[in-house]
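This report describes one protein chain, from a single side chain out to the whole fold. Please keep the sequence and the structure in view while reading.

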Amino acid sequence: MATARQPVLANGEVLAWARERWGLDRAQAAKALGLADERLAEYETGIHAIEPELLEKMTKAYQLSATNLILRNPPHERGVDTDFRTVGGQSPRRTTELIQAITTTVVDQELATALAVDLGLEVTPRIPQVTAEQDAESVGTTIRRLLEVSDSLQKEWGNSAEAFRQWRWRVEALGILVFLRKLTPPEEERLNCRGFSNFASGLLPAIAVNANESKEAQCFTLMHEFVHLLRRESGICDEHENSDARQVERFCNRVAAAALMPRSLVMERIQSKGLPTGTDWSEENVNILGPVHIDGSRS
């Protein structure tokens, strides 16, 4: 004869931790659980008995096992220090999708690192270290040599999808994890987050690129975040115009451009259009030049 499942005691602090780790506010979580906001607030204070049906709903909403939800205290989790690119210099906004992507990326970093250690592989990235005081174009040249990308090879990549595949494969060959992840809500027209990087002691470094972006944008984000890893540091971007962090962002952008679109290919493009090689360009000349593609192709 089957017996009814009994309620289980849960610490409200653990339930609040489970909700907040995914960036859910109480209203969002209450709606997913079919509860009133006030009722969920009650569960998140003190010790309460949770009915099995509600516990099951929580495991789905918070993507955690029931064992996690009935811990005595919230677990200590590894801190995530990330940098991520936004569109048009917007202030960073941590959406639920972004928090999920960051959390998943850290878990994947830990699993991949453990596997690498088990296989006797090196977990220290095989990359040089750079600073924002270095010449951006020189660093871009160094990156091309490191990734073994020549002008002639880049011209062989037929389209932007192949270009991203090539750049990604070459970055991964250096011991860096690269993920394509959905970082923004589906309904968000203007993408808030283009990508992020995570460099943490003891873990294989990782880059996450927004899967909702164009391949051209993905290539640039990949290289921008790669430069952050070369700097051996990360942190939420400070979008203030005069801040040191903003200067670092500009440096990463310049290096990414130099690596993806070297002066030699840009000059070749200019000469093929019969345009002047000086620095004083009219808007008409810029339109004639057209886009300079990261795969080395022309339009």
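## A buried glutamine

The side chain of Q218 reaches the backbone oxygen of E213 at 3.1 Å. With the side chain of K215, the side chain of Q218 makes a polar contact at 3.0 Å; a polar contact is a pair of N or O atoms within 3.5 Å, where within protein one must be able to donate a hydrogen and the other to accept it, and residues adjacent in sequence count only if both atoms are side-chain atoms. Q218 lies in helix α10, residues 215-230. Helices (H or I, at least four residues) and strands (E, at least two) are DSSP runs, numbered from the N terminus.

Q218 is buried, with a relative accessible area of 1%. Buried means under 20% relative accessible area, exposed over 50%, and partly exposed in between (1.4 Å probe, protein chains only). Leaving aside residues up to four places away in sequence, Q218 touches F164, L180, V209, N210, A211 and E213, where contact means heavy atoms within 4.5 Å.

## Basis of the model

The model is predicted: local features need pLDDT of at least 70, side-chain atom pairs count only at pLDDT 80 or more, and totals for chains, interfaces and linings use all residues. Residues are numbered from 1 along each chain as its sequence is written, and side-chain values use heavy atoms, with hydrogens and water left out.

## Helix α4

Which residues of helix α4 (residues 52-62) are buried? They are P52, L54, L55, M58, T59 and Y62. These residues are on the same side of α4, because they cover an arc of only 160 degrees around the axis; the arc is that of the directions from the helix axis to the C-beta atoms. Their cover includes β1 (8-11), α1 (12-20), α2 (26-33), α3 (37-43), β2 (47-50) and α5 (66-69).

Most residues other than glycine have a negative phi. Q63, which follows α4, has a positive phi near 55 degrees. E148 also has a positive phi, near 60 degrees. E148 is found in the loop between α7 (136-146) and α8 (151-156), and is exposed, with a relative accessible area of 62%.

## The whole chain

The protein chain has 13 helices and 6 strands. Of its 299 residues, 43% are buried. Among contacts with a separation of 6 or more, 72% come from residues 24 or more positions apart.
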